[in-house]
Structures are given as structure tokens and as C-alpha cells.
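Look through the sequence and the model first. Then read on for a short tour of the fold, its helices and its core.

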Amino acid sequence: MSVYKDIGRKLILGAGLALMSYSGPLTALNMKGLCFSERIENQAHLKQVIAEERGKLRIDSDVRGELNDTLTEAYCWKESMSDGNGGKSIYKISLGKIPRMRDAVRHELYHIKRGDCDREAPITGFNAPILGFVPTDLYYLFIAEPRAILYQSLGLEL
Ligand SMILES: [Zn+2]
């Protein structure tokens with residue numbers, strides 16, 4: 001057996017263990033927040049919650065939110081507005097029907113805070129390496145997503 005095969009097997013085992021240890025508690029934390037945090041009632045309420053939570057995270061950039069009844073997820077993205085807004089970036093958060101809670105806003109804001117929304121490729125894409133060697137999907141799975149869930153539910157800024 002080649003040594004590379006052995007290393008490969010260890011890496012797969014390590015990734016599997018990391019996934020298992022992450023996924024149970026993280027899923028529970030995620031569910032807790034999405035079920036029990038304050039519900040966002042309307043567009044004006046969303047704006048107010050974004051302003052409050054953005055202040056706690058000390059995010060300088062403009063962040064705008066929208067409620068989207070056709071989605072059952074929340075996500076964020078960056079919009080570059082070279083003309084308006086003095087050339088500064090604007091971030092947007094879209095909240096679908098199901099995660100329409102304060103914790104979902106906290107989650108997306110933490111992605112913005114940590115630059116997860118600044119990546120060129122969508123964070124779920126497999127084909128865009130970051131840091132030279134880590135596929136974005138692994139980054140998302142092992143770093144970006146656990147980090148955002150820990151902030152959303154426990155307020156930990158990792
Ligand atoms: Zn996320």
C-alpha cells in the first residue's frame with residue numbers, strides 16, 4: 001500500500017469525524033435559533049433588526065434586506081455599486097419563508113462580517129480554490145458555516 005493512499009484514508013477519516021462532531025451539535029444550535037428567536041414580521045422590521053445586529057457586529061458597510069416568499073432559505077451576497085453609495089460595497093440579505101427569524105439575520109451578517117460573501121465564486125461551488133488548495137465547498141462546510149452558526153446561536157465571534 002502506498003503511503004499516499006494511507007494519508008488519503010486518514011484525511012477522509014478526519015473529515016468524516018469532523019463532520020460528525022460538527023453536524024449534531026451545530027444542527028441543534030441552528031434549529032434552536034431558527035425555531036425560537038424573534039420572528040421577522042415585515043420589511044420594516046427586517047430593516048430594524050439588520051440595523052441592530054449590524055451595530056453589534058460593527059459592520060460599516062451598508063446592508064439591505066429583502067423578504068422573499070419564493071425561497072425557503074436565507075443567503076447573502078455582495079453588490080458593488082460604483083456610482084451610488086460612493087463606490088462602496090453594499091451587501092444584501094435575502095430571507096426566505098422559513099428562516100424568517102432574527103437568528104437568520106445574525107447568521108448572514110456574520111458571513112458578511114467574515115468576508116464569506118466577498119468570495120468571487122458562490123460559496124457552495126466546488127470548482128473555485130481558495131487559499132490555493134481548499135475547495136470552496138470544504139471551506140463553507142468546515143469553516144464558514146460552523147462559524148456563522150456559532151455566532152448566530154451563541155454570539156461567539158470566531
Ligand atoms: Zn450560512
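A residue is buried if 20 or more other C-beta atoms lie within 10 Å of its own, exposed if 12 or fewer, and partly exposed in between, with C-beta atoms placed from the backbone. By that count Arg58 is exposed, because 8 other C-beta atoms lie within 10 Å. Arg58 sits in the loop between α2 and β1. Its phi is near 55 degrees, a positive value in a residue other than glycine.

**What kind of model this is**

This is a predicted model: local features need pLDDT of at least 70, side-chain atom pairs count only at pLDDT 80 or more, and totals for chains, interfaces and linings use all residues. Residues are numbered from 1 along each chain as its sequence is written. The score pLDDT is the predictor's confidence in each residue, from 0 to 100. The protein averages a pLDDT of 77, and 69% of the residues score at least 70. Confidence is highest in α2, at 97, and lowest in strand β4 (residues 129-130), at a mean of 46. Over residues 122-134 the pLDDT is below 50. That stretch still has 19 contacts in the model beyond near neighbours in sequence.

**The overall layout**

Helices (H or I, at least four residues) and strands (E, at least two) are DSSP runs, numbered from the N terminus. The protein has four helices and five strands. Along the sequence they follow the pattern α-α-β-β-β-α-β-β-α. Of the 158 residues, 27% count as buried. Two residues are in contact if their C-beta atoms, placed from the backbone, lie within 7 Å. Among contacts between residues at least 6 apart in sequence, 65% join residues at least 24 apart.

Start with α2. This helix has 14 residues and reaches 20 Å from its first C-alpha to its last. That is close to the 20 Å expected at 1.5 Å a residue. The expected span is 1.5 Å times one less than the number of residues. Leu46, Val49, Ile50, Glu53 and Arg54 are buried in α2. Seen down the helix axis, the buried residues of α2 fall within an arc of 130 degrees, so they line one face of the helix. The arc is that of the directions from the helix axis to the C-beta atoms. On the other side, Ala44, Ala51, Glu52 and Gly55 are exposed. The buried residues of α2 pack against β1 (62-67), β3 and α3.

How many of the twelve residues of α3 are buried? Twelve of the twelve are, so α3 is largely enclosed by the rest of the structure. Among them are Arg102, Asp103, His107 and Lys113. The end C-alpha atoms of α3 are 16 Å apart, which agrees with the 16 Å that twelve residues should span at 1.5 Å a residue. After α3 comes Gly115, whose phi is positive, near 80 degrees.

**The core**

In soluble globular proteins, nonpolar side chains tend to be buried together. A nonpolar core is a set of buried Ala, Val, Leu, Ile, Met, Phe, Trp, Tyr and Cys residues joined through C-beta atoms within 7 Å. The largest one here has 23 residues. Ile50, Val63, Cys76, Ile93, Leu95, Val105 and Ile112 touch the most other members. The elements that give two or more residues to this core are α2 (43-56), β2 (74-80), β3 (89-95), α3 (102-113) and α4 (136-154). Not counting residues up to four places away in sequence, Ile112 touches Ile59, Val63, Cys76, Tyr91 and Cys117.

**Pairs across the sequence**

| Pair | Separation in sequence | C-alpha to C-alpha |
|---|---|---|
| Ala74 and Glu108 | 34 residues | 7.5 Å |
| Leu67 and Ile93 | 26 residues | 8.6 Å |
| Met31 and Asp103 | 72 residues | 9.9 Å |

Ala74 belongs to strand β2. Ala74 counts as buried, because it has 22 C-beta neighbours inside 10 Å. Leu67 is found in strand β1. With 17 C-beta neighbours inside 10 Å, Leu67 counts as partly exposed. Met31 lies in helix α1 (residues 3-36). Met31 is exposed, with 11 other C-beta atoms within 10 Å.
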